[in-house]
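Reader: Please show me the structure. Then let me put some questions about salt bridges, the ligand and the backbone.

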Amino acid sequence: MELIKRGAEAKIYRAKWMGKEVVIKRRVRKGYRIKELDEEIRRRRTKEEAFLMAETRRAGVSVPIIYYIDTVKMEIVMEYIGGKRIKDFIDDENEETQKKICRMIGESVAKMHSHGIIHGDLTTSNMILADKLYFIDFGLGMKSFENEARGVDMHLLMEAFNAAHRNEKLFKWVFEAYGENFDEADEVKRKIDEIIKRGRYMRRVS
Amino acid sequence: MISLGIEGTAHTLGIAIVEKINEKCKILSNESRMYKPAKGGIHPREAANHHAMHLPSLLHESIKKAGVEIKEIDLIGFSIGPGLGPCLRTVATAARTIAIKYKKPIMGVNHCIAHLEIGKALTGSHDPVLLYASGGNTQVISLLEKKYRIFGETLDIGIGNCLDKFGRAIGIPFPAGPHIEKLARKGRKYIPLPYSVKGMDVSFSGILTAALSLIKNESIEDMAYSLQETCFSMLAEVTERAMAHLEKEEVLLGGGVASNMRLQEIMKKMAMERGAKFFVPSRQYLVDNGAMIAWTAILMHEAGYRMSLGDTKVRQNFRTDEVEVKWS
Ligand SMILES: Nc1ncnc2c1ncn2[C@@H]1O[C@H](COP(=O)(O)OP(=O)(O)O)[C@@H](O)[C@H]1O
Ligand SMILES: [Mg+2]
């Protein structure tokens with residue numbers, strides 16, 4: 001097992017599992033929380049994340065296949081997606097390809113939002129392009145049909161594009177496709193503007 | 001440089017005299033009086049009246065205790081916001097009066113930034129993520145690109161308010177925090193309460209409602225214990241997220257609730273598990289105090305900030321990231 005990332009809440013490993021290439025996301029024990037509370041939180045989040053991934057698949061958006069959920073070790077064993085993170089290559093593509101990818105992103109998020117799925121961490125490091133466009137990392141996600149929540153989701157994506165990528169047309173293309181595929185996009189746009197005006201620092205996106 | 005600082009954003013009126021000497025913060029005096037509402041929560045007008053009434057004597061005491069004369073003071077600092085309008089205006093008026101009468105420069109200081117700066121000065125922390133946990137405020141603040149930014153905060157009531165409201169329901173006088181801490185030490189059973197973390201934000205009103213609905217059936221010790229464990233774990237979690245996100249390795253506590261020993265223990269453990277350093281100043285500099293205002297006023301003055309009387313209008317919703325941090 002090879003550790004690929006150590007986040008605040010989970011460790012991500014790459015491993016072989018029943019002959020398959022997998023990624024294991026393990027929520028680590030927090031010694032500062034009493035045991036009852038800590039286990040309950042980790043178990044619930046592990047289940048919720050898996051549930052949200054399943055919902056996303058049902059909405060017609062690609063996510064890694066979940067092979068196994070272990071609510072004792074607090075692990076999700078999922079398909080390893082052998083592709084490239086959008087973050088790592090989109091700047092190097094020509095405009096035509098960029099536009100195609102951005103439209104795919106917008107269309108996918110539109111599907112999630114219309115099915116009440118809020119990803120919670122929509123950055124270009126949580127999207128992998130392989131045979132299809134895959135979304136990962138639903139740890140901060142939730143179910144909601146509120147435009148406020150959708151606005152927060154899209155606002156983060158906008159920040160991600162503006163902070164990490166050179167071509168400012170990228171998010172415009174994303175939103176164009178989002179609007180063509182989601183009736184409430186105008187309302188979400190208004191929410192984004194509101195969030196910008198509120199001016200609270202949300203996340204630094206890298 | 002010697003500065004006089006007046007704090008008065010909420011319950012506490014604090015007046016302190018602080019000297020910056022050899023780059024260090026030397027507190028010559030730090031006096032305070034706290035308004036305690038007869039019943040219920042804080043009444044802004046009453047709190048302001050309290051501050052107005054105690055200002056002259058507290059000022060006198062603070063100067064006497066510091067052993068300085070007015071003419072030795074170089075700067076008048078005051079809490080310009082955020083806070084309760086009537087309280088802020090009372091303190092601002094006092095600061096302006098002193099500044100005019102003795103011909104001293106005046107400096108309006110952001111209350112939240114002052115908590116952070118005094119903590120740094122007194123503990124030796126350099127670049128912390130601050131958990132600021134008080135009655136009305138619950139925020140995770142850190143420096144990024146020359147501004148103190150809020151990375152997480154409560155979406156409804158402050159952690160202190162949550163504890164106080166719970167206390168009131170079980171007949172504990174204001175402020176309830178210290179009583180709840182004592183009760184919680186005797187708690188044994190964890191009663192599940194909603195754990196409410198959204199990204200880097202928290203909310204407490206749902207937990208409070210749930211706790212209040214359970215009081216009848218459970219011992220108050222177990223209830224106090226469960227309330228503390230739930231709320232404090234949430235605070236540790238969002239602070240940790242901010243630390244991971246910013247790749248910072250120091251955590252600092254501020255605000256009155258941070259004097260709770262269980263919260264300190266939880267935060268310390270979180271820091272240790274990450275290999276980060278934990279800092280907390282002593283209780284009198286966790287709660288609202290004049291020293292933090294006096295000290296931050298010096299930092300600002302030395303960095304070149306100047307205010308005319310026209311700039312001293314109070315700012316009830318003053319955000320930390322409206323100030324460019326030129327001194328750090
Ligand atoms: N199923 C997967 N297939 C391939 N790579 C993955 C997969 N899941 C995660 N990764 C890689 O691990 C990194 C971190 O995983 P992620 O789930 O986003 O956790 P974090 O919460 O730490 O961001 C991702 O950016 C990606 O490079
Ligand atoms: Mg990720």
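The questions and answers below go through these topics in turn.

Reader: What should I know about the model and its numbering?
Author: This is a predicted model, in which local features need pLDDT of at least 70, side-chain atom pairs count only at pLDDT 80 or more, and totals for chains, interfaces and linings use all residues. Residues are numbered from 1 along each chain as its sequence is written, chains are lettered from A and ligands numbered from 1 in the order in which they are written, and side-chain values use heavy atoms, with hydrogens and water left out.

Reader: How many salt bridges are there over all chains?
Author: A salt bridge here is a side-chain nitrogen of Lys or Arg within 4 Å of a carboxyl oxygen of Asp or Glu. By this rule, the count over all chains is 45.

Reader: Which parts of chain A does the salt bridge between A:R27 and A:E49 tie together?
Author: The closest N and O atoms of A:R27 and A:E49 are 2.9 Å apart. The two residues are 22 residues apart in sequence, so the pair ties together strand β3 (residues 20-27) and helix α1 (residues 35-58) of chain A. Helices (H or I, at least four residues) and strands (E, at least two) are DSSP runs, numbered from the N terminus. The parts asked for are β3 and α1.

Reader: Is A:R27 buried or exposed?
Author: Buried means under 20% relative accessible area, exposed over 50%, and partly exposed in between (1.4 Å probe, protein chains only). A:R27 has a relative accessible area of 2%. A:R27 is buried.

Reader: What is the relative accessible area of A:E184?
Author: A:E184 forms a salt bridge with A:R150, with the closest N and O atoms 3.5 Å apart. A:R150 lies in helix α4 (residues 147-164) of chain A, and A:E184 in the loop between α5 (169-181) and α6 (185-198). A:R150 is buried, at 2%. A:E184 is partly exposed, with a relative accessible area of 36%.

Reader: How many residues apart are B:K20 and B:E302?
Author: Their side chains meet in a salt bridge of 2.7 Å, N to O. B:K20 is in strand β2 (residues 12-21) of chain B, and B:E302 is in helix α10 (residues 290-302). The pair links distant parts of the chain, and the separation is 282 residues.

Reader: Which residues come nearest to ligand 1?
Author: A residue is near a molecule if one of its heavy atoms lies within 4 Å of it. There are 16 residues around ligand 1. Those that come nearest are A:E79, A:I81, A:R85, A:N126 and A:D137.

Reader: What is the distance from a nitrogen atom of ligand 1 to a polar backbone atom of A:I81?
Author: A polar contact with the ligand is a pair of N or O atoms within 3.5 Å. An oxygen atom of ligand 1 is 3.1 Å from a side-chain N or O atom of A:K5. Another contact puts a backbone N or O atom of A:S125 3.3 Å from an oxygen atom of ligand 1. For the nitrogen atom and A:I81, the distance is 2.8 Å.

Reader: Which peptide bond into B:P82 is cis?
Author: B:P82 sits in the loop between β4 (75-81) and α2 (85-102) of chain B. Omega is near -5 degrees for the cis bond from B:G81 to B:P82. Another cis bond, with omega about -10 degrees, joins B:F174 and B:P175. The bond asked for is B:G81 to B:P82.

Reader: What is the phi of B:K146?
Author: B:K146 is in the loop between β7 and β8 of chain B. B:E145 is in that loop too, with a positive phi of about 50 degrees although it is not a glycine. B:K146 is not a glycine either, and its phi is positive, at about 70 degrees.

Notes:
A polar contact is a pair of N or O atoms within 3.5 Å; within protein, one must be able to donate a hydrogen and the other to accept it, and residues adjacent in sequence count only if both atoms are side-chain atoms.
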